[in-house]
Amino acid sequence: MTAKLKNLISAADLSAEHVKILFDLTDKYKNYLAESKTRGIPIEVEPLRDRTLALIFEKPSLRTRVTFMVGMAQLGGLAIDIRAEQVLQGRETIADVSRNLDRWVDALVARTFKHRTVLELAKYARIPVINALSDLEHPCQVLADFYTIRQIKGENWKEIKLVYIGDGNNVCHSLLLLTANLGGQMTVATPPKYDPKDSILRIAKKKAQATGATLKFTHDVKEAVKGADFVYTDVWTSMGFEAEREQRRTAFGPFQVNEALMSLAKPDAKFLHCLPAKRGEEVVDGVIDGPHSAVFDQAENRLHVQKALLVHLLT
C-alpha cells in the first residue's frame with residue numbers, strides 16, 4: 001500500500017496508486033458541486049471546516065490562486081493569500097517563515113521562482129507543503145492534465161499517446177515524471193538546446209524502466225505528432241526568461257500548434273495547454289478555440305483536483 005502523501009513537491013512523488021486515490025476523490029467532489037448547481041441548493045460537504053490554507057506566490061497566478069482559494073472555501077476552510085514580497089525577500093530566513101506558518105495554518109501552497117525555495121519550506125514545516133509551480137516543476141497542473149485525459153480517454157495510460165511540443169520546461173518535466181509513474185507513453189518535441197533538464201530525464205527514464213512507460217524525444221515536431229491522442233504545448237517564454245523572448249520566438253517558430261500540425265494527429269485528438277496562452281505564438285486561435293481544444297476543461301479541473309489533494313493531505 002502506497003503511503004499517504006505528506007507534501008506535493010514533485011510529480012515524482014505521485015505513484016499510480018496516489019493518482020487513483022486522488023482521481024476518485026476528484027470525481028466525488030466534482031459530482032457534489034455539479035449536483036449542488038443542478039438542484040440550486042448547496043450540498044454541505046465541508047471536510048476542511050476550521051482548517052486554514054496559506055498561499056505564498058512569488059509569480060503571477062490566475063488559475064492556481066483562484067482554484068485553491070475557491071476550493072478551500074467550498075470545502076469549508078479558509079485560504080489566506082500572503083504577499084510574497086513581505087515574507088520571501090530576505091526579511092527573514094525561509095526556514096523561519098516556514099516554522100512560523102506551521103504554528104498558525106494547516107497547509108501551505110507556494111509558487112516560487114526557485115525550486116529550492118519550495119524544498120526549504122517543506123524541510124522546516126510540519127504541515128503539508130504544495131508546490132504550486134517552481135522553475136523546475138508544476139505538479140498540480142499535471143494532475144489536472146491527466147484527470148482531463150482520463151475524462152476523455154479513460155485510464156488505460158499505456159494506450160494513450162501524449163505529445164508535448166515546445167520548451168522542455170517545468171510543465172514538461174512534471175508531465176514526463178507522471179507519465180513515467182503511470183506507465184504511459186509520451187513524446188517530447190523541442191527545438192535543439194531546449195530539451196528537458198538532464199536531472200529530470202534521469203529520474204523519468206529510471207521510473208519508466210520500472211513501470212514500462214515509453215518516453216521518446218525528438219526535434220522533428222511533425223513526426224512527433226503523428227498518431228497523437230493529445231497534443232500539449234506551453235508558452236515559448238516562461239516567467240523568468242523574458243530576456244530571451246526574441247531568440248525563443250525564432251527557435252520555436254516551427255513548433256507552433258496550428259491547424260496543419262493538428263491534422264497530423266488522430267482525427268479525435270485533443271489539444272491541451274496549461275494556460276496562459278500567447279495566442280499567435282505557440283498556438284493559433286483556430287486550435288485553442290476550435291473543436292479539438294480541451295484547455296478550459298483542464299482549467300476547470302484544476303479546482304476539482306486541488307480540492308481532492310487538499311482533502312487527501314488534511315484529513
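Which helix is S98 found in? Select S98 and you land in helix α4, residues 94–104.

Before going further, a word on what is on your screen. This is a predicted model, where local features need pLDDT of at least 70 and side-chain atom pairs count only at pLDDT 80 or more, while totals for chains, interfaces and linings use all residues. Residues are numbered from 1 along each chain as its sequence is written, and side-chain values use heavy atoms, with hydrogens and water left out. Helices (H or I, at least four residues) and strands (E, at least two) are DSSP runs, numbered from the N terminus.

**Stop 1: S98**

S98 counts as buried, at 1% relative accessibility. Contact here means heavy atoms within 4.5 Å. Zoom in on A125 and you'll find its backbone nitrogen 3.2 Å from the side chain of S98.

**Stop 2: α1 and α13**

Next, select residues 16–39 for helix α1 and residues 295–314 for helix α13. Their axes are 8 Å apart and the helices pack at an angle of about 115°. Axes are lines fitted to C-alpha atoms, for helices over the stretch in contact, and angles run from 0 to 180 degrees between N-to-C directions. The crossing of α1 and α13 is right-handed; that word applies if the near helix is turned clockwise from the far one by less than a right angle, and left-handed if anticlockwise. To see who does the touching, show residues including L22, L25 and Y29 of α1, and L303, V305 and L309 of α13. The contact residues of this pair divide into ten nonpolar, four polar and three charged. For the labels, Ala, Val, Leu, Ile, Met, Phe, Trp, Tyr, Cys and Pro count as nonpolar, Asp, Glu, Lys and Arg as charged, and the others, Gly among them, as polar.

**Stop 3: α7 and α8**

Now pick α7, residues 170–182, together with α8; α8 covers 198–211. How do these two run? The axes come within 7 Å and cross at roughly 15°, which makes α7 roughly parallel to α8. (Under 35 degrees counts as roughly parallel, over 145 as roughly antiparallel, 65 to 115 as roughly perpendicular, and the rest as oblique.) This crossing is left-handed. Among the residues making the contact are L176 and L177 of α7, with I200 and L201 of α8. The residues in this contact split into eight nonpolar, three polar and one charged.

**Stop 4: two positive phi angles**

Go to K193, in the loop between β6 (185–189) and α8. K193 isn't a glycine, yet its phi is positive, about 80°. Its relative accessible area is 82%, so K193 is exposed.

Then jump to L275, in the loop between β9 and α12. L275 also isn't a glycine and has a positive phi, about 65°, but L275 counts as buried, at 13% relative accessibility.

**Last stop: M262**

Finish at M262 in helix α11, residues 259–262. Is M262 buried or exposed? With a relative accessible area of 5%, M262 is buried. Leaving aside neighbours within four places in sequence, M262 is in contact with residues including V231, F271 and H292.

Notes
Buried means under 20% relative accessible area, exposed over 50%, partly exposed in between (1.4 Å probe, protein chains only). A polar contact is a pair of N or O atoms within 3.5 Å; within protein, one must be able to donate a hydrogen and the other to accept it, and residues adjacent in sequence count only if both atoms are side-chain atoms.
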